[in-house]
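Me: I've got a model open and want to go through it piece by piece. Can you take my questions as they come?

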Amino acid sequence: MILPTVTPRLVYLHKPLSRLIQLKAAIVRCTESVIPLNPSSLEAQMDTVFDAADTFGPARVIHIHRPSLSLNAIVTIDNTACGPAVGGVRMASDVSFDECLRLARAMTWKNAAAGLPHGGGKSVIFGDPKRPTAEKERVIRAFAQAIGDLHDYIPGPDMGTDETCMGWIKDEIGRAVGLPSALGGIPLDEIGATGFGVASCVDVAQNFAGFDLKGARFVIQGFGAVGKHAAKFLSAKGAILVGASDTGGALIDKNGLSVPELVALKDTGRPLFDYVGGEKVDRDSIIDVPCDIWIPAARPDVIRADNVARLKTRMVVEGANIPLSLDAEQALHDRGVIVVPDFIANAGGVICASIEYRGGTQRAAFDYIDEKIRSNTHNVLEESRRTGVTPRVAAEALAQERVMTATATRRWR
Ligand code: NAD
């Protein structure tokens, strides 16, 4: 397939040379092949980037637009002090620029905390991920061409993209992680790398929350790649799934839902509501289900200041990226609820991707995930208990220390 080169329309660069001097340059490239920019919207976007920039990044923000292919995407390379940025490519109709910036930063902390030789980045492609395959392939391949010369960004799968999409990107530009096994990939969603790490995290956090995982009640919001595997690994440790949701609604059963039956439904492309048994309620009611462990594994910002009081749990382990607002995390912390932040709890996927990139095995990936997530969870919760700060503040300090150490070795910083 021959595709025309896609021209990046808007590029933002940021090199904080020192803490005092920052070089910021905005370069706007308009060509005949793209719709002319609206100057006022450009100004608004650049202000947003300038406002978001701090000592750590973002290093670069690239907007890619090709109307004839319905390709409209943003790539954020947040920080590359520890190495080339690794971060997922998210395709959804409701992704936002702000979401891309925040997710890229989360990847910077996640990769640093996990001790990986990678910085953080993220891409969002606006549009329906369920479009016909041929159309999706065209868009993904065009996106790949547009990021071909961004050598400090290695794309991976995220919501709306999968191993096949990464195979197309690898075919176009020679680099991607989360590849199909035929291309040397470790099928991280199939083996449940992130869900496995979430379960390791819960296993350590239970000691800080003062309950036993055996018999503990847990709830999963979003029964996809992360959620269903977390459910599987946690129920294998004796925990009981009392609530689960997908886009179609929520299921509740205080005596326990059958994890194998729910997994089988999702694996055959059916909604949770096809489950025989349990109470069926609207999907938002999953927030109200009393439990010991509440695991968000769907979308960002699901728990905020306006609904955090509804959570009746002793622990939140963030399987999704940025599922709680900062004020919601603080409110839970003040109530004595343990909240393990996303970039500690859900690092399993990117650890697996990084091991794949270096030719490692599935076994090596699982060993690293277990060891790293257990030690990070322990260190972060111990520091939070010692100092009274939220686990996120403790976790960011841990990650920032590594990024600062790596930054000190770099010529451009
Ligand atoms: P997925 O698309 O496989 O699953 C998402 C699930 O959430 C689906 O079951 C969907 O029906 C459900 N969902 C969507 N909106 C919902 C809503 N409002 N209420 C209830 N359910 C809803 O995605 P995934 O790979 O499991 O990723 C989920 C989250 O975890 C994302 O935030 C992603 O960034 C994050 N994450 C994923 C990985 C990974 O390895 N896949 C790694 C780290 C973080």
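Me: What follows helix 11, and what is its phi?
Reply: Gly359 follows helix 11, with a positive phi near 80 degrees. Helices here are DSSP runs of H or I, at least four residues, and strands are runs of E, at least two, numbered from the N terminus.

Me: How are the residues numbered, and what kind of model is this?
Reply: Numbering starts from 1 along each chain as its sequence is written. The model is predicted: local features need pLDDT of at least 70, side-chain atom pairs count only at pLDDT 80 or more, and totals for chains, interfaces and linings use all residues.

Me: Back to helix 11. How many of its residues are buried?
Reply: 10 of its 10, over residues 348-357. Buried means 20 or more other C-beta atoms within 10 Å of the residue's own; exposed means 12 or fewer, partly exposed is in between, and C-beta atoms are placed from the backbone. Among the buried ones are Gly348, Cys352, Glu356 and Tyr357.

Me: What covers them?
Reply: The cover of helix 11 includes strand 5 (85-92), helix 2 (97-113), strand 7 (153-157), helix 5, helix 6 (193-209) and helix 12 (362-387). Contact means C-beta atoms, placed from the backbone, within 7 Å.

Me: Now the ligand. Which residues are closest?
Reply: Gly222, Gly224, Asp246, Ala320 and Gly349 are the closest, out of 24 residues that surround the ligand. Near means a C-beta atom, placed from the backbone, within 6 Å of the molecule.

Me: Which elements supply at least two residues of that shell?
Reply: Helix 5 (188-191), helix 7 (225-236) and strand 9 (240-246) each do. Helix 7 gives the most, with 3 residues.

Me: How does the shell divide by residue type?
Reply: There are 8 nonpolar, 11 polar and 5 charged residues. Ala, Val, Leu, Ile, Met, Phe, Trp, Tyr, Cys and Pro count as nonpolar, Asp, Glu, Lys and Arg as charged, and the others, Gly among them, as polar.

Me: How far does helix 7 reach?
Reply: Its 12 residues reach 17 Å from first C-alpha to last, close to the 16 Å expected at 1.5 Å a residue. The expected span is 1.5 Å times one less than the number of residues.

Me: Which of its residues are buried, and what comes after it?
Reply: The buried residues of helix 7 are Ala225, Val226, Gly227, Lys228, His229, Ala230, Ala231 and Leu234. Their cover includes helix 5, helix 6, strand 8 (217-221), strand 9, helix 8 (259-267) and strand 12 (293-296). Just after helix 7, Gly238 takes a positive phi of about 100 degrees.

Me: Which way do the residues of strand 12 point?
Reply: Ile293 and Ile295 point one way, Trp294 and Pro296 the other, and all are buried. Strand 12 runs parallel to strand 8, joined by 4 bridges, and Gln221 stands opposite Pro296. Another 2 bridges join strand 12 to strand 13, also parallel. There, Ile293 stands opposite Met315.

Me: And how does strand 9 pair with strand 10?
Reply: Antiparallel, over 4 bridges, with strand 10 covering residues 249-252. Asp246 stands opposite Gly249. Asp246 is also one of the residues closest to the ligand.

Me: Ala250 is in strand 10 too. Why does it count as buried?
Reply: Because Ala250 has 26 C-beta neighbours inside 10 Å. Beyond four places away in sequence, it touches residues including Gly243, Val281 and Ile286.

Conventions
Contact = placed C-beta atoms within 7 Å. Pairing = 2+ DSSP bridges.
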